[in-house]
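Visitor: I am new to this structure and would be grateful for a close look at a single part of it. Please set that part in the context of the whole.

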Amino acid sequence: MESLSTAERIGILGDVHGDLDHVLRVSGAMSTRDIRILLVLGDFGFIWPGANWDNVVAKLSKRLLARGQSLFFVDGNHEDFSRLYRFPIGPDGLRWIRPNIAHIPRGYRTRLASGRTLAALGGANSVDVEYRREGSSWWPQESITEADLDAVGDEPADLLVGHDAPLNLPGLDRRLAQTADEWSSAGREYAAAGRRMFHRGFLQLRPALYLGGHYHHHIDETVVYGAGDDRFESRVVLLDKNGDPTIISQGILNVTTFNLDLFCLANRT
């Protein structure tokens, strides 16, 4: 079966929040285009408190297997980390939940079929943290740590996959300013602190392309960071979430050209 490091094209999904119907619909759309590898950019959300989560994951695995597909995901801020971390990291650096479903830990690196490099830095801080309860709807492990930044290192990567977003992204910054009144000042500062931590990792890696989610809004901007010898240009693409089939929450990445075919489910299924 194809893997993340051998696939010539990868199907990418924004936040799915444990929505089985959505993932299966995207899986079907990808299967008709011969996409065998799916990558969720955080907030996988299937591993969550509740008696039936294990059965739902088993059902997802079975349905993907019938299409010859495997699914990989970086963690977001809506994961039950206490359960997720019970699955060990294997010799390949991945945390296998099922034979065809794997979590990509922070700091993971691999080489793609094209020879280009991929690094992962999941995690983000929940802006609504004050409305959540530790151990049932919120886990402190959502936050990117100094250890995570050490794990990802400072060797440049061609492609970075994660959940949060770098700083100085004009379209996202305007969006956040427009919605600021929806959240408390403490929640906004907690979320901003998480974004600053992600930005540090982003600058360490200097990716040509970054793929993320988290903000439930589609962003596609090419931005210049740094100056002088530290100057680099990065295309930053954030995908929307599950739910509305008219929004851009999925796409197909060509790992050689880094071309992205982004699409709405309403237009492709």
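Guide: The accessible surface of the chain comes to about 11400 Å², and 48% of that belongs to carbon and sulfur atoms; such areas come from the Shrake-Rupley method with a 1.4 Å probe, and for residues only the protein chains shown count as cover. This is a predicted model, in which local features need pLDDT of at least 70 and side-chain atom pairs count only at pLDDT 80 or more, while totals for chains, interfaces and linings use all residues. Residues are numbered from 1 along each chain as its sequence is written, and side-chain values use heavy atoms, with hydrogens and water left out.

Of the 269 residues of the chain, 53% count as buried, that is, under 20% relative accessible area (1.4 Å probe, protein chains only). The chain has seven helices and 13 strands, which are DSSP runs numbered from the N terminus (helices H or I, at least four residues; strands E, at least two).

Nine of its twelve residues are buried, so H1 is largely enclosed by the rest of the structure. Among these buried residues are Leu 20, His 22, Val 23, Leu 24 and Met 30. At the start of H1, a side-chain oxygen of Asp 19 comes within 3.3 Å of the backbone nitrogen of Asp 21.

Notes. Buried < 20%, exposed > 50% of the residue type's maximum accessible area, 1.4 Å probe, protein only. Polar contact = N/O pair within 3.5 Å; in protein donor to acceptor, adjacent residues only side chain to side chain.
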